[in-house]
Amino acid sequence: MLALRKLEHRQDTPADEDDVVYLSEATWADYQRLVAIRGDRSAPRITYLQGLLELMSPSRSHDVIKSRIGRLVEVYCLERGIEFDACGSWTIGDRRAKRGAEPDECYVFHGIENPKRPDLAIEVVWSSGRIDKLDVYRKLGVREVWYWRRGEPRRIQPYVLQAERYRASKRSKVLPGIDLAQLVGFVDLPTASQAIRAYRAELVRGQRLP
């Protein structure tokens, strides 16, 4: 039977906030059991870091933003002829490193067959005080992580993996031509369809300029 110790739960969570549960002193077997119990459902997203478990059920606003960013990444790749696979909240883990995570969105580029890790993980940081997922991803070998943080000026900060450390970068390395400041400007449009149409039109317009 699954034994979970030192339960800490943020109660009375407002509707527009993520619902987060933390479990300490958890084993790798505990992590695997929770992933199995949850099955194919999209929530909660489960993160494991050296004995600490985080179960996060995202708010609607959290999921809307992560989906918007993901759809715009796909529009960019389609317009620029970049092969990609969208892998959603792919569960990746490493027992030896005692780490496991599920991105908000993630991608593999250039048609790689049977990839072991995504090239890009996208994270929407909607709630403060959560596990530092960069510390998780660095040992899992994810090449690049994009953070969109609530409360900051609207921007996406890329972190590029170098020698098992993430370095903040001004530009993406896995999609070197993408203008993230341009992309993020379309995230707040009223609907996803409007954001996709407007961003695609801007990309096409940019291609036509001399």
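1. Cys-87 is partly exposed at 26% relative accessibility (buried means under 20% relative accessible area, exposed over 50%, partly exposed in between, with a 1.4 Å probe and protein chains only). The model is predicted: local features need pLDDT of at least 70, side-chain atom pairs count only at pLDDT 80 or more, and totals for chains, interfaces and linings use all residues. Residues are numbered from 1 along each chain as its sequence is written, and side-chain values use heavy atoms, with hydrogens and water left out.

2. The closest cysteine sulfur to that of Cys-87 belongs to Cys-106, at 4.8 Å, which is too far for a bond. With a disulfide taken as a pair of cysteine sulfur atoms within 2.5 Å, the count is zero. Cys-106 is buried, its relative accessible area being 0%.

3. Lys-133 lies in helix α3 (residues 133–140) and is buried at 5% relative accessibility. Beyond its neighbours within four places in sequence, its contacts (heavy atoms within 4.5 Å) include Glu-102, Glu-123 and Tyr-147.

4. Eight aromatic pairs are counted (rings of Phe, Tyr and Trp, the last by its six-membered ring, with centres within 6.5 Å; planes under 30 degrees apart are stacked, over 60 edge-to-face, the rest tilted). Trp-28 and Tyr-31 form a tilted pair, with centres 5.0 Å apart and planes at 50 degrees. Trp-28 is buried at 13%, as is Tyr-31 at 3%.

5. The rings of Tyr-147 and Tyr-159 are edge-to-face, because their planes stand at 70 degrees, with centres 5.6 Å apart. Both Tyr-147 and Tyr-159 are buried.

How values were computed. Helix = DSSP H or I, 4+ residues; strand = E, 2+ residues; numbered from the N terminus.
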